[in-house]
Amino acid sequence: MNVERPSRFTTSSPRTGEEIRSAFLRFFADREHKVIESSSLVPDDPTVLLTIAGMLPFKPVFLGQQQRPAARATSSQKCIRTNDIENVGRTARHHTFFEMLGNFSFGDYFKKEAIEWAWELSTVVFGLDPKHLVVSVFREDDEAEEIWRDVVGVSPHRIIRMDEADNFWASGPTGPCGPCSEIYYDFKPELGDKGIDLEDDIRFIEFYNLVFMQYNRDSQGTLTPLENCNIDTGLGLERMAQILQGVSNNYETDLIYPLLQKASSLAELDYQNVDENIKISLKIIGDHSRAVTQLICDGVTASNLGRGYVLRRLLRRIIRHGRLIGIVKPFVVEMGEKAIQLMQSSFPQLLERREMILQELQREEARFLETLERGEKLLTDLLARNPKEISGEQAFELYDTFGFPLDLTQEIANEHGLSVDGKGFDKAMEEQRQRAKAAKVSIDLTLQDSIDEIAGAYKETSFLGYKALEHECCVQALVVNGELGQQASPGDKVQVILDATPFYGEGGGQVGDSGVLISTNLDADSLLVDIRTVTRNRNIFVHSGRIKHGILKVGDVLHGRVHSICRRRAQANHTATHLLQSALKQVVDAGISQAGSLVDFDRLRFDFHSPRPVTPREIEQIETLINGWISESHTLQIREMAIEEAKSAGAIAMFGEKYGEIVRVVDVPGVSIELCGGTHVSNTAEIGVFKIVSESGIASGIRRIEAISGLGVVDYLNERDSVVKQLSEFFKAQSNEIVDRVVALNNEVKLASKALAIANEELAKLKVLSLTNEVIFEGSSQLLIKRLDGVDGVALQNAAKCLVERLGNSSAVVLGGLPNLDDYTKVTFVAAFGSDVVASGLHAGKVVGRIAKLCGGGGGGRPNLAQAGGRNAKEIDSALDLAREEIFSALS
């Protein structure tokens, strides 16, 4: 998009989005800031679903939970926000995906430097005319105002004091907090300095926010000055691009406008010559295309839960708005390709994961298009009735049957001036849900609170388990039966924090060690703590178990001993997991990437991105390859190095995982090299043998392999051998004859079942035909409405068809009953109508659908033949009476 440079900028100032980003990072790198690569959109912070702010990756540093990466840092962090998704495309500056440029000080410089540099960057590097700038400060922050006025030289009339709601940042009800100062761009400085209202977002745009963390707030609300003050800033890349490129909104910058052009081209439109509603749809498509591409790249797959739901929701909004502007063919993949092309220079991982991204886009679009047209038709029919609102039941039908998320129904309803009964939707969801929508994970909240309380009082646990399975350690803190305590007695459940430990804490997919803590003096009454598992929380290791005997006290010096057999099995499974990833890359697809893993004592599990299943032949090849590497006795090389050196060496990193500057590299020479903090064998021969036990799909585009190694294979074979021996004895056959015997037996069962079904069908026909003397005549029509138990649905339907053929075109047959006399929770109804009855306006599907509802069920079918079911046998007779009344009424 060609835009003339406005005169309010210097001719040498950066202009493109890439130039702005580079200039910002270079400016602070020149001032001794360490450039930090953007973190994943999937954050480590469990309190948020997605990375919503540039400072989020540094939150543990600001809260004192992690060591600072440097005294000064700068980054360009990709972010996702959907809390105000309804504004996307409708305002000039709202987005789901955006980049936040930031500079950070961790106890180093403070207000003066932050303010001076922000001004220098804005006016010198970006070339903004000072007369176009206004700053805000917190109402009580005299220091900041003085720096802006006396040091920087901003006119007092253009320094605006704001209240706490706008200009005071806090990490939560308690903890670090402090005042903010913001820089605004004034599009209309000719209006003067009197009565400046920064809420006027037509005249002003905030583009730079400076947070001065200088206080700690306690539970009473008291503010205490911090010993080391911090700086956290954020400059919106898209907003600065709008200002420097002289366009009226963020969407028409070079960061997004090519996507709008692409969508316009697909719809055969000219963006500059369409109405505002079409522009809104184009902006939504462009914005969301960036978001979904980055989300999939960071490992998110579409689902009905959490991050997956965010992705699915954005994708379906793209598709719907594409249809609104006339794009009828699948197009999301083309938008994804354009988004990758637009962002790949800044985010090279987009190019690395291009195929995976496009495959996920294609799958999800195809899935939604299958049901979208039918759902839109139903919704259009509902809207055509001019209702006051969309009922909860109707909204749920759209969701359950057609895949319409509630918010999409609400969005369409809002466009027609209607509301949706959200409470009714929730009620319908609870009543009709057929499967669990979420996997629940137990969290020890008491322990989390305890960790938060003590984290600042103790140093991180020193892990010694790479080299030793036994070591002396001192008890630093103790949680007894869920509460902080000083000592524990036999029978108590405890969580123990030690100064050092040989126990591996759960992490990187590997389970925590088990073992014992014992007294250093081994008398009869000595302490024994049975440790069941070990977890990690911010590098503090929590040893969970129970006191077997003795008294455990804070300050005790103990001897920690890891269960060596369990550790060896975990080590074998962990190394086998690395070999499995390498084998998958060789046999299936070099672009395969990890989506999760579990390394347990008795098994391993590896989840990976793949658009298709692994074939049985490929599984054989993978097993052969891995067992070959095991037999070749490769000696592992494990060492620590700088992360950039590790990446240069080809080490595989789990994308989205957070790594420090120094990383641990596990290298199986010539086979596998990965960043990994887990425990491993010293030589592949220690694994023994490897066996895949299952391969399955767990989500769209994600496959799972479960496998075993070493002694786990022996256990597996022993179990299989036991089953084979039992089958051999049962069939009185040799093991190699069992399959043939089972096949023969299965064929016999199939033949017997088929014969039984035929016999049941013939019996049903005879039963029904015997009822012809109970046919009721209504005018020229013949009706038979009868209860018939002990006949399954297929036989009942065939019998009804047979009877209609016998009675003629003016006949109507409705039958219902219990297919199984021993099961009162399953009811079946069938209706068969002759052509004359159908011509009179009766519809078999609608009749059985209505009467089945009396029995707590439903169903339907064609006008002449239909079947339905229910769960309440007590209402069968009432349902048949209703059918009789309805048919009589229609025919008379």
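Me: Where is Ile 565 found?
Reply: This is a predicted model, and in it Ile 565 sits in helix α17, which covers residues 564-587.

Me: What makes Ile 565, Leu 711 and Val 714 a nonpolar patch?
Reply: To join a patch, a residue needs over 30% relative accessible area, and nonpolar side chains are linked within 5 Å. Ile 565, Leu 711 and Val 714 form such a patch on the surface, and together they have about 270 Å² of accessible area.

Me: Why is helix α7 said to be largely enclosed by the rest of the structure?
Reply: Count the buried residues: α7 runs over residues 257-266, and seven of its 10 residues are buried, so the helix is largely enclosed. Buried here means under 20% relative accessible area. The buried ones are Tyr 257, Pro 258, Leu 259, Leu 260, Ala 263, Ser 264 and Leu 266. They pack against α8 (276-297) and α10 (332-343). Just after α7 comes Glu 268, with a positive phi of about 55°.

Me: How do you know that Tyr 504 is buried?
Reply: Its relative accessible area is 3%, and the cut-off for buried is under 20%, so Tyr 504 counts as buried.

Me: Why is the pair of Phe 463 and Tyr 504 called edge-to-face?
Reply: Rings pair if their centres lie within 6.5 Å, and planes over 60 degrees apart count as edge-to-face. For Phe 463 and Tyr 504 the centres are 5.9 Å apart and the planes are at 70°, so edge-to-face it is. Phe 463 lies in strand β12 (residues 462-463) and Tyr 504 in the loop between β17 (500-501) and β18 (515-519), so this pair ties together parts that are 41 residues apart in sequence.

Me: Which residues touch the most other members of the largest nonpolar core?
Reply: Those are Phe 126, Trp 148, Phe 207 and Tyr 208, in a core of 109 residues. Helix α12 (residues 354-384) gives the most to this core, with 10 residues. Another core lies apart from it and has 28 residues, including Leu 580 and Val 666.

Methods
Residues are numbered from 1 along each chain as its sequence is written. This is a predicted model: local features need pLDDT of at least 70, side-chain atom pairs count only at pLDDT 80 or more; totals for chains, interfaces and linings use all residues. Side-chain values use heavy atoms; hydrogens and water are left out. Patches are made of residues with over 30% relative accessible area and no salt bridge: like charges are joined within 9 Å, nonpolar side chains (Val, Leu, Ile, Met, Phe, Trp, Tyr) within 5 Å. Accessible areas come from the Shrake-Rupley method with a 1.4 Å probe; for residues, only the protein chains shown count as cover. A salt bridge is a side-chain nitrogen of Lys or Arg within 4 Å of a carboxyl oxygen of Asp or Glu. Helices (H or I, at least four residues) and strands (E, at least two) are DSSP runs, numbered from the N terminus. A nonpolar core is a set of buried Ala, Val, Leu, Ile, Met, Phe, Trp, Tyr and Cys residues joined through side-chain atoms within 4.5 Å. Buried means under 20% relative accessible area, exposed over 50%, partly exposed in between (1.4 Å probe, protein chains only). Contact means heavy atoms within 4.5 Å. Rings of Phe, Tyr and Trp (its six-membered ring) pair if their centres lie within 6.5 Å; planes under 30 degrees apart count as stacked, over 60 as edge-to-face and the rest as tilted.
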